[in-house]
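Here's a quick tour for anyone about to work with this model. Have the coordinates open while you read.

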Amino acid sequence: MNQKICAAFLLLTWTLVAMGCGNDEPQPKEPKVAVMPDLNKLNDGVYTAKSSTHTLLGHSEITLTIKDHQITDVQFAGYTIDGRLKEADYGDDKDSTLQKKAKIAVKAMESYAAQLKDAQSLDQVDAVTGATVSYEQFMESAQIALKSAVPAPCCNSKPTEEMH
C-alpha cells in the first residue's frame, strides 16, 4: 500500500512539474493589416500621432506631411519608457546583446520612415528582423496620423430655414 501511495505521489509531482515547465511566452499575434487611406482623398497638412506605450520599450511618434496627395515627409522617433529620445547612443548602457537590438531598432525606425515616403503606402513598408515592436508602433502611429488626414464626411442634410 505504501508503494501505491508513493507511486501516486510521484506521478502527481511529475505532472505538476511538467505543467509548470510550459512556455509562458505570449503566443504570436496575428499580423495587423495595414489600412492605407486613398492619398487622393487626404487633406494637405502635417499630422502627428503617438503609438501605444510598450511596458518596457516605451512609445513612438510619427509626423507625416501631406501635400498635393503625396506623403512628402515622414519623421518617426522612438522614446524610452522614461521619455528619452532613442538616438544613436540608445542601448549603449546595456549588455552587448541588448545593445545590438537597440541599434537595430534605431536603424529600423529610420528605414520605416524612408520606406513609407518612397512607397507612399503602408503595405509596402517591410518589417526589420529584430525590430518588431518598432514596426508595430510605426504602423499604429502612421495609421492614426493618416486617419486624421481624412476629411470628415459631410452631412447631406439641407440647411434649416431660419424661423421669422
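Predicted model: local features only at pLDDT ≥ 70, side-chain atom pairs only at ≥ 80, totals over all residues.

Mean pLDDT for the protein comes out at 82, with 73% of its residues at 70 or more. One is residues 12–31, which has one contact in the model beyond near neighbours in sequence. The other is residues 159–164, with zero contacts of that kind.

In soluble globular proteins, nonpolar side chains tend to be buried together. Here, the largest nonpolar core counts 28 residues, and I62, L64, I71, V74, Y112, L116 and F138 have the most contacts inside it. At least two core residues come from each of strand 1 (45–50), strand 2 (59–67), strand 3 (70–79), helix 2 and helix 3.

L116 is a handy place to start looking around. Leaving out residues up to four places away in sequence, L116 touches L64, I71, V74, S121, L122, V125, F138 and A142.

A142 counts as buried because its relative accessibility is 0%, and the cut-off is under 20%. Not counting residues up to four places away in sequence, A142 touches I62, L64, L116 and L122. A142 and A113 are 29 residues apart along the chain, with 9.5 Å between their C-alpha atoms.

## S51, a buried loop residue

Is S51 buried or exposed? S51 belongs to the loop between strand 1 and strand 2, and at 5% relative accessibility it counts as buried. Beyond its neighbours within four places in sequence, S51 is in contact with H59, S60, Q137, E140 and S141. Take S141 from that list: S51 and S141 are 90 residues apart in sequence, yet their C-alpha atoms are 4.8 Å apart.

## The largest pocket

Rolling a probe the size of a water molecule over the atoms shows where empty space is left. The largest pocket has a volume of about 750 Å³. Its lining takes in 25 residues, and L57, K86, Y90, L98 and A102 lie nearest the centre. Helix 2 (96–119) and helix 3 (132–149) are the elements that give two or more residues to that lining.

Conventions. Residues numbered from 1 in each chain as written. Heavy atoms only, no water. 1 Å grid on protein atoms, 1.4 Å probe; cavity = no way out; pocket = protein on both sides within 12 Å on 5 of 7 lines; lining within 4 Å. Points joined across faces, edges and corners; volume = space filled by probe spheres on them. Helix = DSSP H or I, 4+ residues; strand = E, 2+ residues; numbered from the N terminus. Core = buried A, V, L, I, M, F, W, Y, C linked by side-chain atoms within 4.5 Å. Buried < 20%, exposed > 50% of the residue type's maximum accessible area, 1.4 Å probe, protein only. Contact = heavy atoms within 4.5 Å. pLDDT = per-residue confidence, 0-100.
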